[in-house]
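Me: I am new to this structure and would like to go through some of its side-chain contacts. Please show it to me before we start.

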Amino acid sequence: MSVARALRMPLHLLLLLALCGAGTTAAALSYSLRGNWSICNGNGSLELPGAVPGCVHSALFQQGLIQDSYYRFNDLNYRWVSLDNWTYSKEFKIPFEISKWQKVNLILEGVDTVSKILFNEVTIGETDNMFNRYSFDITNVVRDVNSIELRFQSAVLYAAQQSKAHTRYQVPPDCPPLVQKGECHVNFVRKEQCSFSWDWGPSFPTQGIWKDVRIEAYNICHLTYFTFSPIYDKSAQEWNLEIESTFDVVSSKPVGGQVIVAIPKLQTQQTYNIELQPGRRIVELFVNISKNITVETWWPHGHGNQTGYNMTILFELDGGLNIEKSAKVYFRTVELIEEPIKGSPGLSFYFKINGFPIFLKGSNWIPADSFQDRVTSELLRLLLQSVVDANMNTLRVWGGGIYEQDEFYELCDELGIMVWQDFMFACALYPTDQGFLDSVKAEVAYQIKRLKSHPSIIIWSGNNENEEALMMNWYHISFTDRPIYIKDYVTLYVKNIRELVLAVSSTEDWSFNSKFSLHRQHHEGGNKQMLYQAGLHFKLPQSTDPLRTFKNTIYLTQVMQAQCVKTETEFYRRSRSEIVDQQGHTMGALYWQLNDIWQAPSWASLEYGGKWKMLHYFAQNFFAPLLPVGFENENTFYIYGVSDLHSDYSMTLTVRVHTWSSLEPMCSRVTEHFVMKAGEAVRLYEEPVSELLRRCGNCTRESCVVSFHLSADHELLSPTNYHFLSSLKEAVGLCKAQITAIISQQGDIFVFDLQTSAVAPFVWLDVGSILGRFSDNGFLMTEKTRTILFYPWEPTSKNELEQSFHVTSLTDIY
């Protein structure tokens, strides 16, 4: 069968011009490739015109080559459409002089799904994800007259190939139940999951260009992304607005100018000066709304109005370039309340909107049609109006469909419909090979950026029933294989999707004095106090890289916190058995505080989520049942032995002195055997500091450090403790330590065999987002080698640990 190529429809041209005015420059030209394309099947026997946006099924129906796909058994009769490999092509002339533009991109807002893209017969890229937006640089291949081809591969065949290539283990389910009459391996392709069939719908795995496609040309710079987030400051009782704009700066020189943000009904207009360096640049603005202005909040249907405010943002840049964006801003707060319930072992789970508890009333939203080009504005409004007319206030966008089009969320904003937004994973386990994860990361990052400004979205949910499928063993996985699938679940949803959701912060937040850091610091002057305290004992970070400075500052404040609490707690412990100046016999030390209620600077030793800070590792040691404690008084160095044991033990104390510049001890002294009495704190050692230094090769306070431990028959009984003879900011001889680790596995435990090139204070081992704890951390490494164990809290692998492992010591800052 063959159909003659249809006459091409008129070209569509959308000019995105600058604001009118003397001396202004066009911000960009955008030429839409919507309209008529040519479509042909894999062997070229069938050629027909087809609309973009659209799909092959719709094109075949519009040309009378198939009946309505929903008619009788046509879901089976037309299975051949999805199994063929189709090509979309178009020839077009750009109606402006392309040579005058520095940068030209091809933008595809939605491609369904797997394709290779050729522009003027040059391959410029590929697509593999229906939910992502793609941009390709065509500056060097575009001409006045052009051709474009998208060579699609059947999503069904692609999914089968991906499944077959995943040889390490099966990722179920392979196929849907026979009663669904669907296609297999949908979990191996990032496509509308229910398009392969569901227990309530047909199998129509479409192919096509389902959203806009266009050419963008620009000079100087171009605004590529724009979003905003309202924030309510409870303490100040005022609203603020964070605006983030991303630019592609193609100018070879910095581009300066100003930004004017205006929200007329809130009597707000603020101007900011900016300078954009060449490359991809992010501009972040913080807009304060005067507390003297009444801000009306957005409410769910049935609880109040859905008030929004028109906002304009004008970028007036060098070269007469003006770029304007407009948007509607809604102000509201959302809180998910999980707290103990009297008489119940569980926690509450409900939402407060603007501080008011809301009973969610609604239903679940699935795609309105198998063919998205048939979903009109009128249909969306009819369906969503029916939601509020039935006194509903909530819809869940179900995870087996699609992230809905912009108009859907705009209507939900307007109508007061709260949205529980799933990510598009449903009723399956999924692979976690790197190619799949990379595609998912791009998808999630794009969708969060696209949708984050909508007040209707109150929560992001990872998937639909996948955890239940795993834990209830829907797919009859053997008990011995379950850890593999649990690990994949955590990798995909916790380590990747969840991390991307939490990473909506901008790089500006990565500063000790950023608005966000200060916002989360709820102790008056807390940041200044931490830096002042750290500055008394350490050299503060001075890196020219702001991100590195921030990370080093975080590290140093954790060192300072741990040292402070260690010193105080050891004082209380050694005071157990003596009275000094009418004080002593101390029988307790409870530091403030254990855990955090959110991510913020605080006194906690456990991060929000449970990760151990350096203080918690120190606590493991300074609360040890048997501990040597060192301190100075009037230039004499003392060591006390502290025991919480119930029996007496015979042991020795070993005291060593190292220079900062050598891994070999300058001197070592072992005491005679003594009996450490149960439940006591006693003095074990004292020596004038001057004699100690002279005895150990003319050490100085600045060049040496003391370490000590308790042992019996050469077996360590206590942690190794240490005493600094001077502030470490005055230390002499510290060298940058090169610390490496060889990682091996012993059952469920991982062994880190460390090796250092130099003495290293406060060695901090980190394995990124992998949850677990080390046997020790934040330690002073005075020996060339040391073995540390890692106890994971979730299934992980040696390879994952090696990829995420990072080590820091004080010498990295100095």
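This is a predicted model: local features need pLDDT of at least 70, side-chain atom pairs count only at pLDDT 80 or more; totals for chains, interfaces and linings use all residues.

Me: Is N146 buried or exposed?
Reply: N146 belongs to strand β10, residues 145–153. Strands (E, at least two residues) and helices (H or I, at least four) are DSSP runs, numbered from the N terminus. Buried means under 20% relative accessible area, exposed over 50% and partly exposed in between, with a 1.4 Å probe and protein chains only. The relative accessible area of N146 is 2%, so N146 is buried.

Me: Which residue has a side chain joined to that of N146 by a polar contact?
Reply: Leaving aside residues up to four places away in sequence, N146 touches K90, E91, F92, I94, F119, N120 and V141, where contact means heavy atoms within 4.5 Å. A polar contact is a pair of N or O atoms within 3.5 Å; within protein, one must be able to donate a hydrogen and the other to accept it, and residues adjacent in sequence count only if both atoms are side-chain atoms. At 2.9 Å, the side chain of N146 has such a contact with that of N120.

Me: How are the rings of W200 and W398 arranged?
Reply: Rings of Phe, Tyr and Trp (its six-membered ring) pair if their centres lie within 6.5 Å; planes under 30 degrees apart count as stacked, over 60 as edge-to-face and the rest as tilted. The whole structure has 48 aromatic pairs. For W200 and W398, the centres are 5.4 Å apart and the planes are at 65°, so the pair is edge-to-face.

Me: How many residues apart in sequence are the parts that W200 and W398 tie together?
Reply: W200 lies in the loop between β11 and β12, and W398 in the loop between β26 and α6. W200 is partly exposed at 43%, while W398 is buried at 7%. The parts tied together by this pair are separated in sequence by 198 residues.

Me: Which residue follows α6?
Reply: Buried residues of α6 include F408, Y409 and L411. The buried residues of this helix pack against elements including α5, β27 and α7. The residue after α6 has a positive phi, near 80°, and is G416.

Me: What is the N to O distance in the salt bridge of D644 and R573?
Reply: A salt bridge is a side-chain nitrogen of Lys or Arg within 4 Å of a carboxyl oxygen of Asp or Glu, and the whole structure has 29 of them. D644 and R573 meet in one with an N to O distance of 2.7 Å.

Me: Where in the chain does R573 lie?
Reply: D644 is in the loop between β32 and β33, 71 residues apart from R573. D644 is partly exposed at 35%, whereas R573 is buried at 8%. The place of R573 is helix α12.

How values were computed: Residues are numbered from 1 along each chain as its sequence is written. Side-chain values use heavy atoms; hydrogens and water are left out.
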